[in-house]
Amino acid sequence: MAEVIFPRLALVGIGLIGASIALAARRAGVVGEIVVTTRRPETLRRAEELCLGDRYVSTAAEAVADADCVIVSVPVGACGAVAAEIGPRLKSGAIVSDVGSVKASVVRAMQPHLPGTVSFVPGHPIAGTEYSGPDAGFAALFDNRWCVLTPAPEVDPEAVTLMVAFWRALGANVETMSAEHHDLVLAITSHLPHLIAYNIVGTAAELEGGIRSEVLKFSASGFRDFTRIAASDPVMWRDIFLNNKDAVLEMLGRFNEDLATLTRAIRNGDGDTLLDLFTRTRAIRRSIVALGQDTAAADFGRNDHAAAETKRAQEETPAD
Ligand SMILES: NC(=O)C1=CN([C@@H]2O[C@H](COP(=O)(O)OP(=O)(O)OC[C@H]3O[C@@H](n4cnc5c(N)ncnc54)[C@H](O)[C@@H]3O)[C@@H](O)[C@H]2O)C=CC1
Ligand SMILES: O=C(O)C(=O)Cc1ccc(O)cc1
């Protein structure tokens, strides 16, 4: 039996991520009592039906009293208001964390409301799906995925050590970095891809009737992959773009420049430019698959095609 890391864990927000934390923490046996709270009474009832916690309370202030660790799992735009509510009720010595997909703005919104007697260790598990709500949670979500922690340099190292141990127990690999660096990296690896997916599905939806119905009919191609991402939660993603504005605009600027180069290559019949890029991108895909970080294969049941692709990539990618 694993050692208990937090005798009392409070989960504020119990959607895909909050529910997955509850299930993974139970699976690992690293928490004593799990106290759950969320904004809407019907979601709280559903969490109780799913047995995600041990106690269910209607306010965040009530949930965090006496908690050793509080994890806030709400859309990033709501983190500041949650911190304002829980701040005065936090136990001295408690650890406060979050799971937001953006870090610097969440730190700016939450930190001022947290008393000096608690340790703030912001986090971001880089694992998820296009589904939301407590029913979407599953214990294996974080297995072999990264979780990034962004504590300020002055934060008690013992609190950081406990959060690292907690996420490792949940199955994740953990890395720490600054909030600003996190936001730049995630802008290109996660935020921009979602923006591109929302945009291409939106563009297809705006096409005239005849073409649009053909797009849906023949969508078992690249377009289908974009529709999965574009089905992600609208509120969550609105908040991500509003809160990681600078980094996303920086990456979008570079993206637009590269797209202009490709546009020119197509217009000029410059096959070499196309071939060069497509060859390099194929190698990148194969090295990601070889590292075992292919989400589709890892999270959603490995089909024969994905398994074959992983094997081929592992054979082709020299181990270092
Ligand atoms: N969905 C994903 O794939 C991932 C999401 N994240 C981050 O995790 C956080 C939660 O996302 P999910 O669990 O996917 O969302 P979700 O929509 O499944 O759950 C959100 C929870 O927050 C509560 N909530 C919503 N608005 C609120 C408000 N204004 N005040 C208080 N509570 C509110 C909801 O009742 C629900 O319990 C977000 O900050 C997101 O950026 C991080 C990694 C992956
Ligand atoms: O479903 C997908 O493809 C995702 O990219 C999930 C995801 C969404 C948001 C995050 O901050 C991290 C992971």
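**View 1. The shell around ligand 1 in this predicted model.** Here 28 residues surround ligand 1. Zoom in and you'll find the closest of them: Gly13, Gly15, Ala78, Gly128 and Ser132. Helix H1 (16-28), strand S7 (123-125) and helix H10 (234-243) are the elements that give two or more residues to this shell. H1 makes the largest contribution, with three residues.

**View 2. What kind of residues line up around ligand 1.** Sorted by class, the shell has 13 polar residues and twelve nonpolar ones.

**View 3. Ligand 1 and the two domains.** Domain 1 covers 6-177 and domain 2 covers 181-316. Both give residues to the shell, so ligand 1 lies between them.

**View 4. Helix H7 meets helix H11.** H7 takes in residues 179-206, and H11 takes in residues 245-268. Their axes come within 9 Å and cross at roughly 60°, which makes H7 oblique to H11. As for handedness, the crossing of H7 and H11 is right-handed.

**View 5. Side by side at the H7 and H11 contact.** From H7, the contact is made by Asp183, Leu184, Ala187, Ile188, His191 and Leu192. H11 answers with Ala247, Val248, Glu250, Met251, Leu252 and Phe255. Split by class, the residues of this contact come out as nine nonpolar, one polar and two charged.

Technical notes: Residues numbered from 1 in each chain as written. Chains lettered and ligands numbered in written order. Predicted model: local features only at pLDDT ≥ 70, side-chain atom pairs only at ≥ 80, totals over all residues. Near = placed C-beta within 6 Å. Helix = DSSP H or I, 4+ residues; strand = E, 2+ residues; numbered from the N terminus. Nonpolar A, V, L, I, M, F, W, Y, C, P; charged D, E, K, R; others polar. Domains from an automatic or database assignment. Axes fitted to C-alpha atoms, helices over the stretch in contact; angles between N-to-C directions. Parallel < 35°, antiparallel > 145°, perpendicular 65-115°, else oblique. Left-handed = near helix turned anticlockwise from the far one by under 90°. Contact = placed C-beta atoms within 7 Å.
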